[in-house]
Amino acid sequence: MPLIMDELLAQAARMAQVGIRRLLVISGEAAWCEAQAMAFRHAADTEILWVGPRTVAPPFCFPAKLTTLLGREFQHAIFDARDGFDASAFAALAGTLCAGSLAASPGTGVAALAPANRC
């Protein structure tokens, strides 16, 4: 596992050089997804914003409150989509990420990509 994290973070450095961002989807059992996201958060040498419906250690933000972070920049973020995918919140999150960012999204498969806000 550490080798994978090292490679992800090395890729992030290369991505910063060319000005791109990427989404890393973590799919599987809910507990495993959370463990992988937490491992990514601890492996990075920077603060990683966690966006989701359940409070975790700072920096943290609820999806509905992401617009309060506009104007700030984060190197990486974790967007917890295990309870549904809020497209508006994800778009707001994308506006806070700088070049070379990875947005990791733990989910439980295709169901995690279903809209959180249904009409």
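Where does P59 lie? P59 sits in the loop between β2 and β3.

## About the model

This is a predicted model, in which local features need pLDDT of at least 70 and side-chain atom pairs count only at pLDDT 80 or more, while totals for chains, interfaces and linings use all residues. Residues are numbered from 1 along each chain as its sequence is written, and side-chain values use heavy atoms, leaving out hydrogens and water.

## Overall layout

The chain has three helices and five strands. From the N terminus on, their order is α-β-α-β-β-β-α-β. Helices (H or I, at least four residues) and strands (E, at least two) are DSSP runs, numbered from the N terminus.

The chain holds 119 residues, and 41% of them are buried. Buried means under 20% relative accessible area, exposed over 50%, and partly exposed in between, with a 1.4 Å probe and protein chains only. The accessible surface is about 6,600 Å². Carbon and sulfur atoms account for 59% of that surface. These areas come from the Shrake-Rupley method with a 1.4 Å probe; for residues, only the protein chains shown count as cover.

Contacts (heavy atoms within 4.5 Å) also describe the fold. Take those between residues at least 6 apart in sequence: 67% of them join residues at least 24 apart.

## The sheet

Five strands form an open sheet in the order β1-β5-β4-β2-β3, with parallel pairing. Its edge strands are β1 (22–27) and β3, each pairing on one side only. Helix α3 (residues 87–94) packs on this sheet and touches β1, β2, β4 and β5 (102–107). The direction of α3 makes about 175 degrees with that of β4. Axes here are lines fitted to C-alpha atoms, for helices over the stretch in contact, and angles run from 0 to 180 degrees between N-to-C directions. Two strands pair if DSSP finds at least two bridges between them.

Strand β2 (residues 48–51) is covered on both faces. I48 and W50 are buried on one side, and L49 and V51 are buried on the other.

Four bridges join β2 to β4 (residues 76–79), and the two strands run parallel. W50 has I78 as its bridge partner in β4. Two bridges join β2 to β3 (residues 60–61), again in parallel. Here V51 has C61 as its bridge partner in β3.

## The cis bond

The peptide bond from P58 to P59 is cis, with omega near -5 degrees.
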